[in-house]
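Hi everyone, thanks for coming. I'd like to walk you through one model today, so please have the viewer open and follow along.

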Amino acid sequence: KPISDQRVRQAILLALDKPAIMQAGIMGLGNLVGGGIPPAMKYWYVPADQLPNQKRDVAKAKQLLTEAGYPNGFDMKLRIIVGYATMAANAPVIAANLKDAGINVTVETVDLGVWIEDWRAFREPVTLNAWGGFMDPDLLYYRHFHSAPKGADFRRWKNAKADDLLDKGRGTVDPAKRKPYYDELQKLIAEDPIMVPLYSADLLNVMQKSVKGDVQHPSGWYYGFKDTWLDK
C-alpha cells in the first residue's frame with residue numbers, strides 16, 4: 001500500500017509530465033513510450049498517443065487519490081541508482097510532478113548492488129531504472145510480467161489477463177497472429193500501470209571518418225561492431 005491500489009497507480013501516471021521528464025533526462029532526444037515497447041521495435045510498438053492515460057491530468061489524478069482514500073495525498077519513496085545521470089535528472093521532475101497531485105516524494109539513491117538484491121528479493125520500493133536490449137515482445141514481457149511460476153512477476157502484478165495475453169503471444173510464431181495480443185498488453189499496462197514507461201532515448205553515435213561499416217543495432221547493444229573496420 002498504497003501502490004497496490006490501481007487507482008493510485010493511475011493517479012501517478014496521470015500526474016506525470018512525460019515530455020518534461022524526457023527533456024530533463026535526455027534533452028528531448030527520444031520518443032515517449034506508453035506500453036513498454038520502444039519505437040525501435042517498429043512492428044510491435046504502439047505509440048504513446050494511441051494509449052490511454054498518457055496526457056497529464058492533475059485534476060483527475062487528485063480525484064483518483066481521493067477515491068482511493070488519500071484525499072491529502074501520501075508520502076512516497078522513489079529509489080534511483082548512483083551513477084545514472086538520467087535518473088538523477090529525471091527524479092526531481094517526477095517528484096515535482098507528483099507534488100502537484102499531493103504525493104510527497106523522497107528520492108533515495110542506492111548502489112546498483114543494493115538495487116539488484118532488493119529487486120530479486122521482491123522488496124524493491126517504487127523505483128526508476130533503464131531497461132532495454134530486447135528484440136521480441138515475448139523476451140521483453142514474459143519473464144518480467146507473467147505471474148509465477150511461469151514468470152518472475154518482479155512487479156507483483158499477478159494479473160490474470162496479462163498472463164493470458166502473454167501465453168497466447170508465445171503460442172504461435174506467426175507475427176500477424178501475435179501482434180493483437182501485444183497491442184492489447186500495451187493498452188493494459190497503460191490502463192493498469194504496474195510500471196510507468198517514460199521514454200525511449202535516441203541512440204546517438206559519433207565516429208571519425210576512418211570508421212567504416214558501423215551500424216547501431218536497435219536493441220542498444222553493440223552488435224554492429226562485428227562489421228566495423230578502420231580505413232587506415
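This is a predicted model: local features need pLDDT of at least 70, side-chain atom pairs count only at pLDDT 80 or more; totals for chains, interfaces and linings use all residues.

Let's start with two helices: the axes of helix 1, residues 6-15, and helix 3, residues 58-67, come within 8 Å of each other and cross at roughly 165°. The crossing of helix 1 past helix 3 is left-handed.

Which residues of helix 1 and helix 3 meet? On the helix 1 side, you can pick out R7, V8, Q10, A11, L14 and A15. Their counterparts in helix 3 are V58, K60, A61, L64, L65 and E67. Sorted by class, this contact between helix 1 and helix 3 has 8 nonpolar residues, 1 polar residue and 3 charged ones.

You will find P2 in the segment before helix 1. Another cis bond runs from A148 to P149, and there omega is near 10°. P149 sits in the loop between helix 6, residues 137-145, and helix 7, residues 160-169.

Stay in that loop for a moment, please. D153 is also located between helix 6 and helix 7, and its phi is near 45°, a positive value in a residue other than glycine. Is D153 buried or exposed? Its relative accessible area is 6%, and the cut-off for buried is under 20%, so D153 is buried.

M27 also has a positive phi without being a glycine, at about 55°. This residue belongs to the loop between helix 2, residues 18-26, and strand 1, residues 30-32. With a relative accessibility of 62%, M27 counts as exposed.

As a reminder, side chains of opposite charge can pair when their charged atoms come close. How many salt bridges does a search of the whole structure find? The count is 17, and I'll show you a few.

First on my tour is D138 with R170, where the closest N and O atoms are 3.0 Å apart. This pair links distant parts of the chain, since D138 is in helix 6 while R170 is in the loop between helix 7 and helix 8 (175-191), 32 residues apart. D138 counts as buried, at 13% relative accessibility, whereas R170 is partly exposed, at 46%.

Next, look inside helix 8. K187 and E191 both lie there, 4 residues apart, about one turn of the helix. Their side chains meet in a salt bridge, with an N to O distance of 3.9 Å. K187 is partly exposed at 35% relative accessibility, and E191 is partly exposed too, at 28%.

Then there is K226 with D227, a salt bridge whose closest N and O atoms are 3.0 Å apart. K226 is exposed, with a relative accessible area of 68%, while D227 counts as partly exposed at 46%.

How values were computed:
Residues are numbered from 1 along each chain as its sequence is written. Side-chain values use heavy atoms; hydrogens and water are left out. Axes are lines fitted to C-alpha atoms, for helices over the stretch in contact, and angles run from 0 to 180 degrees between N-to-C directions. A crossing is left-handed if the near helix is turned anticlockwise from the far one by less than a right angle, and right-handed if clockwise. Contact means heavy atoms within 4.5 Å. Ala, Val, Leu, Ile, Met, Phe, Trp, Tyr, Cys and Pro count as nonpolar, Asp, Glu, Lys and Arg as charged, and the others, Gly among them, as polar. Buried means under 20% relative accessible area, exposed over 50%, partly exposed in between (1.4 Å probe, protein chains only). A salt bridge is a side-chain nitrogen of Lys or Arg within 4 Å of a carboxyl oxygen of Asp or Glu.
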